[in-house]
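Q: Let's take the labels used for this model one by one. Please set each value against its definition.

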Amino acid sequence: MADNNNKRVFVTVGTTRFDKLILTICDLSVLKVFQKRGYGQLILQIGAMQDYPVLPDIDGIKFEIFKYKDSIASDFTSADLVISHAGAGSCLEALGARKPLIVVINEDLMNNHQTELADQLHRDQHVFKTTCGHLLDLLSTMDLSQLKPLEPGHPEKFASLLDTLCGFS
């Protein structure tokens, strides 16, 4: 089975603490969906998470876990799927690398401005947007061909969107 599972998932929480996302990803039912869809390698950037997650033993899936690196650019470019918190930097890097992106909203944050960015990117069909509680369902049913790439060459559009969302314009 391991030979059929050669696709990579990169999960990032940026510099924040989003333990719930990491623990959701490490749940056996989620890992089985990854396995079924041909994802055999999970790279988890766990940020400020206190303890490394306990990983279930599942045939055909290899894990790499780290808190921080000098650069995660190669993790984005080598991924077949990116799952990320809704931080602007992480979203822009994944979309800039032209990778399918699932944005997971951290519902535990108060006044979560990141939700606005995720909402707009989802409306424009650049990302799938979900919560930890609905991630398993999304992974089971998603069709990555529905996502539209964020076209390069117009960074002013993204900057304008950020300015509007942050109240600068």
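A: Start just after helix 4, where Arg98 takes a positive phi of about 60°. Arg98 is a residue other than glycine. Its place is the loop between helix 4 and strand 5. This is a predicted model, in which local features need pLDDT of at least 70, side-chain atom pairs count only at pLDDT 80 or more, and totals for chains, interfaces and linings use all residues. Residues are numbered from 1 along each chain as its sequence is written, and side-chain values use heavy atoms, with hydrogens and water left out.

Q: What makes a stretch a helix or a strand?
A: Both are DSSP runs, numbered from the N terminus: a helix is H or I over at least four residues, a strand is E over at least two. By that rule the protein chain has seven helices and six strands. Their order from the N terminus is β-α-α-β-β-α-β-α-β-α-β-α-α.

Q: Is Thr130 buried or exposed?
A: Its relative accessibility is 9%, so Thr130 counts as buried. Thr130 belongs to strand 6 (residues 128–131). Contact means heavy atoms within 4.5 Å. Leaving aside neighbours within four places in sequence, the contacts of Thr130 are Ile102, Val103, Val104, Ile105, Leu135 and Leu138.

Q: Is Ser169 buried or exposed?
A: Ser169 has a relative accessible area of 67%, so it is exposed. Its place is the segment after helix 7 (155–166). Not counting residues up to four places away in sequence, Ser169 touches Asp163 and Thr164.

Q: Why are the buried residues of helix 4 said to be on the same side?
A: Those residues are Ser90, Cys91, Ala94 and Leu95. They cover an arc of only 125° around the axis, so they are on the same side of helix 4. The arc is that of the directions from the helix axis to the C-beta atoms. These residues pack against several elements, including strand 1 (7–12), helix 3 (73–78) and helix 5 (114–123).

Q: Which residues of helix 2 are buried?
A: They are Val30, Leu31, Val33, Phe34 and Gln35. Their cover includes strand 1, helix 1 (19–25) and helix 6 (135–141). Just after helix 2, Gly38 takes a positive phi of about 90°.

Q: What makes a space a cavity and not a pocket?
A: On a 1 Å grid over the protein atoms alone, a cavity is a set of points where a 1.4 Å probe fits but cannot get out. A pocket is an open set with protein on both sides within 12 Å along at least five of seven lines. Lining residues have an atom within 4 Å of a point. Grid points are joined across faces, edges and corners, and a volume is the space filled by probe spheres set on them. The count is one cavity of 30 Å³ or more. The largest cavity holds about 30 Å³. Its lining is Phe18, Lys20, Ile105, Asn106, Glu107, Asp108 and Cys132.

Q: What classes make up that cavity lining?
A: Ala, Val, Leu, Ile, Met, Phe, Trp, Tyr, Cys and Pro count as nonpolar; Asp, Glu, Lys and Arg as charged; the others, Gly among them, as polar. The lining of the largest cavity has three nonpolar, one polar and three charged residues.

How values were computed: Buried < 20%, exposed > 50% of the residue type's maximum accessible area, 1.4 Å probe, protein only.
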